[in-house]
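Good morning, and thank you for joining.

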Amino acid sequence: MSSEPTTSAAQTTASQELAAAATDPTAIDPTLIGTTAARSERRGPRIPWRFIGGRVAFYAFTLWAAITINFFIPRLMKGDAVDAYMARSQGQLTPDAEKALRILFGLDKSTPLGQQYLDYWNMLLHGNLGYSISTGMAPVGDAIGSALPWTIGLVGVATVISFVIGTLLGAVVGWRRGGKLDVFVPVTTFLGTVPYFWLGLIFIAIFSTTLGWFPAGHAYELGVDPGWNADFIGEVISHAALPVLTIVIISLGGWVLGMRNMMLTVLDEDYITVAQAKGLPNRRVLWRYAARNAVLPQVQSFALALGFIVSGTIVMEMVFSYPGIGLLLLNATSAHDYALMQGVFLVLVLAVLVANIVADIAYAFLDPRIRQTEG
Amino acid sequence: MTTEARKKTTAPTGVGSPETAWVTTVDRRETRTTGWSQLKLSLAMFGNRKSAAGLIIMGVFVLVAIFAPLIAPYDPETQNLKETLQPPSFEHLLGTTHIGQDVFSQLVFGTRGVLVVGFLATIMATVVAVVVGVTAGYLRGWKSESLSALSNVFLVIPGLPLMIIVASQFQDPPLVLIAAVLGLTGWAWGARVLRAQTMSLRNRDFIQAARANGEPLFRIILVEMLPNLLAIIASSFVGTMTAAVLGLTTLAFIGVIPVSNLNWGTILFWAQQNNAFPDYWWWYVPAGLCIALLGVSLALINFGIDEYVNPRLRSAGERARAMKRKGMNVNAAVTVVRTGSAESAPAALRAEGAPE
């Protein structure tokens with residue numbers, strides 16, 4: 001290319017100018033000159049107390065709201081857990097037993113509502129989520145504890161795979177705008193509008209029942225002993241393959257579209273033109289300049305999408321009979337096991353909140369402007 | 001590209017590039033603003049091809065829902081034990097279920113169930129989103145912050161578990177209640193976006209002028225602000241509808257809402273309960289495709305609105321294709337344009353670029 005000498009000359013002059021503008025050009029990597037990252041790093045890390053404080057207050061408020069919703073929903077309804085239990089036992093329980101149960105569940109009608117609310121908080125603060133009717137009065141915490149790792153493993157792996165592939169794909173699709181890759185946008189959008197459970201059932205029908213490549217459900221075969229050995233891990237992976245594939249395929253579209261749209265906006269910015277004028281290789285402009293800036297809203301929508309992801313995996317677990325927390329919730333629902341339902345809901349809210357905190361921290365790392373709010 | 005654009009718009013032939021050709025809309029502003037032209041302007045976001053395609057698909061579904069009794073050849077609930085699990089034929093376009101119900105008729109009536117609850121939920125959610133979002137954006141201080149915190153809480157709380165828990169508290173939840181639950185979990189995103197946009201509108205000159213003129217608050221919000229928020233309201237309406245349809249079919253599939261309320265999710269519920277997978281494909285494939293098709297139509301409408309709000313999304317692809325046709329690479333824009341204008345440009349490149 002005849003243009004190469006001109007552009008590299010332009011690059012040298014541009015970087016010289018920038019270097020002259022910076023106060024201490026020797027202390028930093030010359031390739032970072034002019035990026036916000038370089039400037040904030042030189043100032044040293046600041047701790048944005050106001051930002052952290054605001055977020056902590058928000059999380060505390062959300063948690064309080066979720067717990068309060070959780071407290072009131074069963075109490076606003078006509079029947080309650082004890083009524084359901086009495087109905088199940090078909091008159092075999094005496095009124096005394098009913099009263100004892102009411103006290104156990106904190107549903108004693110003679111206690112004022114405010115006192116019940118305080119008792120509920122007291123129970124939660126002691127880590128007591130109540131007792132599950134459908135699993136023979138076992139503590140709700142135990143039931144959730146055995147289901148949670150499966151869900152976190154499945155959802156975590158699937159979500160991370162989907163986010164990474166989708167974001168990378170979106171960056172490339174946005175970069176090659178107007179090209180053949182644009183076809184990914186309608187294709188992934190279509191896949192994103194398919195309901196989770198339907199695609200899951202179709203996959204079971206094709207890959208499991210017809211082709212026999214993967215097992216149709218459960219986390220592992222009944223005969224296998226759980227443990228940290230190769231057999232068991234292989235078993236778990238082969239059982240998780242289809243659910244993970246389904247989640248990835250359905251959630252990919254959102255990430256691709258979000259990243260591509262953000263890339264189109266970012267690629268019009270002046271700093272991209274400057275980077276290209278400096279003659280930086282395309283790959284560097286794509287990943288270090290464009291994608292790096294376009295990924296910020298992705299991280300934010302990642303946090304917001306978690307609620308949907310959790311919702312999607314509930315049906316996923318139902319379809320694949322995966323022993324996670326979603327299946328637990330559905331079983332609790334059909335058994336009218338209110339304590340278990342409340343416990344699961346609380347844990348789900350907590351999980352989403354924790355994931356939001358992680359996304360917040362990642363966002364602060366990625367975006368220097370957040371860190372600089374104090375300055 | 002250029003010729004296409006000229007055909008579409010009645011631009012004067014002297015105008016060179018498509019971007020200038022679009023400026024013909026200026027004429028409209030010179031005419032007096034009537035209610036009709038105002039309406040036309042506010043519907044401009046649906047004027048592109050993607051939105052139109054989405055609206056047409058949506059329109060077909062709406063027509064099917066309205067005229068369901070005329071379209072469906074059978075009663076969706078009538079059992080016919082002589083013809084169970086029939087594959088598609090002219091008699092039963094999409095076959096029959098395990099108790100001989102006509103799947104096509106169920107699908108047609110199911111459209112009604114989906115759309116009625118979907119629209120009801122979406123309208124509720126949008127009203128709440130507009131009220132909360134615009135109010136939070138217009139007010140300042142702790143009132144605004146607390147409304148914003150409220151919508152953020154609803155944004156974080158996972159919707160489906162909440163729906164399942166609320167819906168399961170009722171023995172036989174009425175349609176309005178299902179719609180309300182779907183709406184309750186779906187308004188927060190719209191409120192958040194509307195708040196941000198209202199906050200940026202609040203300080204614009206025309207709002208300041210209206211306030212200085214002593215216009216009452218409801219007039220400022222209804223007359224001055226709402227027209228500028230229409231695109232965002234439409235976009236959040238479409239997004240909420242997508243979530244509501246998916247939520248409804250999922251709830252129906254799980255079985256927490258009564259199966260007597262026929263919709264596409266109920267069809268899938270019965271199909272799964274009766275081991276339709278994988279052999280009786282006519283029972284479960286059409287319903288899933290209908291959900292996806294409705295979702296695609298909503299996504300198309302949203303694409304159109306997105307491109308209207310952010311013209312870069314549309315122009316980026318068009319510009320890149322136009323440049324490619326001239327033999328240029330959009331990602332090397334700076335370099336190529338410079339060599340193209342310089343005298344040392346390769347002859348081939350200049351020759352290719354010349355006709356434009």
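This is a predicted model: local features need pLDDT of at least 70, side-chain atom pairs count only at pLDDT 80 or more; totals for chains, interfaces and linings use all residues.

In α14(B), the buried residues are B:W264, B:G265, B:T266, B:I267, B:L268, B:F269, B:W270 and B:A271. A residue is termed buried if 20 or more other C-beta atoms lie within 10 Å of its own, exposed if 12 or fewer, and partly exposed in between, with C-beta atoms placed from the backbone. Helices are DSSP runs (H or I, at least four residues), as are strands (E, at least two), numbered from the N terminus.

Residues are numbered from 1 along each chain as its sequence is written, and chains are lettered from A and ligands numbered from 1 in the order in which they are written.

Eight of the 10 residues of α14(B), which spans 264-273, are buried, so this helix is largely enclosed by the rest of the structure. The cover over its buried residues includes α9 of chain A, along with α7, α13 and α15 (281-309) of chain B. After α14(B) comes B:N275, with a positive phi near 55°.

Let me turn to chain B as a whole. Its secondary structure consists of 18 helices and zero strands. Of its 356 residues, 42% count as buried.

What do the buried residues of α10(B) pack against? They pack against α7 (103-138), α9 (159-168) and α13 (217-254) of chain B. In α10 (residues 175-184) of chain B, the buried residues are B:I178, B:A179, B:V181, B:L182 and B:G183.

Next, a helix pair. Helices α8 (residues 141-156) and α11 (residues 188-202) of chain B pack at about 140°, their axes 8 Å apart; axes are lines fitted to C-alpha atoms, for helices over the stretch in contact, and angles run from 0 to 180 degrees between N-to-C directions. B:S148, B:S151, B:F154 and B:L155 of α8(B) meet B:A188, B:W189, B:A191, B:R192 and B:R195 of α11(B).

Finally, the two chains: 53 residues of chain A are in contact with 49 residues of chain B, where contact requires C-beta atoms, placed from the backbone, within 7 Å. On the side of chain A that touches chain B, there are 32 nonpolar, 18 polar and three charged residues. Here Ala, Val, Leu, Ile, Met, Phe, Trp, Tyr, Cys and Pro count as nonpolar, Asp, Glu, Lys and Arg as charged, and the others, Gly among them, as polar.
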